[in-house]
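Me: I am new to this structure. Can you walk me through how to read it, feature by feature?

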Amino acid sequence: MTKAELRQQFLTKRKALSATDIQHFSQLIAQSLVDFLEKENHLEKINIVHIFLPIQHQNEVNTWPIIHLVWQKFPTIQVVVSITDPVGNSLTHYRLDQYTPLVENKWGIPEPVNTGQIPIESDQIDLVLIPLLIFDRTGHRVGYGGGYYDRFLAQCRPDCLKIGLSLFEPIEQIENTEPTDIRLDACVTPTNRWLFSE
């Protein structure tokens, strides 16, 4: 199946999940992710983590349980989120804390209100948690098709850890991948953790 066909299929599949399903699966993903980072000793190398904030009407993984776990258990790790620039097709990253005001953009993505903060550069980020609709067994992903995350990830350091969060297990292979597609290092689902080698 093409990316466009997969996008439609898994948007429909995700929309069929109940709010209770999303909350339950998101809690499982949050705990599994933190367990993985602790077990693999990744936390020692993480100072800044980039996290997407969920689009509720798209039934995305709810990342707030992850954010609260980071704030509670790892107070030295900075959480950053993005403001989307649809004109420049880019993301600008800002620190998120308990007091950061948020507004939804035209896609329903909660974004921080830029209150004069200095942006965090992409090459400062140590871990990126990546939204997706579906992924395959080689670490390729299908998103919404805008390319925002591929452009962002291309600006990150080579050693930046790229972890997808998925409500579904992988398909065998995404067929029409592009040279500009950035592969995941790992993906966490409600029941599994998938690691991808070069």
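Reply: The backbone oxygen of P131 lies 3.3 Å from a polar atom of the R141 side chain. A polar contact is a pair of N or O atoms within 3.5 Å; within protein, one must be able to donate a hydrogen and the other to accept it, and residues adjacent in sequence count only if both atoms are side-chain atoms. This is a predicted model: local features need pLDDT of at least 70, side-chain atom pairs count only at pLDDT 80 or more, and totals for chains, interfaces and linings use all residues. Residues are numbered from 1 along each chain as its sequence is written, and side-chain values use heavy atoms, with hydrogens and water left out.

Me: Where does R141 sit, and is R141 buried or exposed?

Reply: Strands (E, at least two residues) and helices (H or I, at least four) are DSSP runs, numbered from the N terminus. R141 belongs to strand β8, residues 141–142. Buried means under 20% relative accessible area, exposed over 50%, partly exposed in between (1.4 Å probe, protein chains only). R141 has 13%, so it is buried.

Me: Which residues is R141 in contact with?

Reply: Contact means heavy atoms within 4.5 Å. Leaving aside neighbours within four places in sequence, R141 touches I130, P131, L132, I134, F135, Y149, D150, I174 and L184.

Me: How do I read a strand pair?

Reply: Two strands pair if DSSP finds at least two bridges between them. Here β2 (residues 78–85) and β3 (residues 90–96) run antiparallel, joined by 7 bridges. V79 has L96 in β3 as its bridge partner. The two strands form a hairpin with 4 residues between them, and N89 in the turn has a positive phi of about 50°.

Me: What is a nonpolar core?

Reply: In soluble globular proteins, nonpolar side chains tend to be buried together. A core is a set of buried Ala, Val, Leu, Ile, Met, Phe, Trp, Tyr and Cys residues joined through side-chain atoms within 4.5 Å. The largest one here has 61 residues; L37, V128, L129 and I163 touch the most other members. Helix α2 (residues 19–39) gives this core its largest share, 7 residues. Leaving aside neighbours within four places in sequence, L37 is in contact with H42, L43, I46, L127, L161 and I163.

Me: And the whole protein?

Reply: Count the elements: 4 helices and 11 strands. Of its 198 residues, 52% count as buried. The C-alpha atoms fill a box of roughly 45 × 40 × 35 Å, taken along the principal axes.
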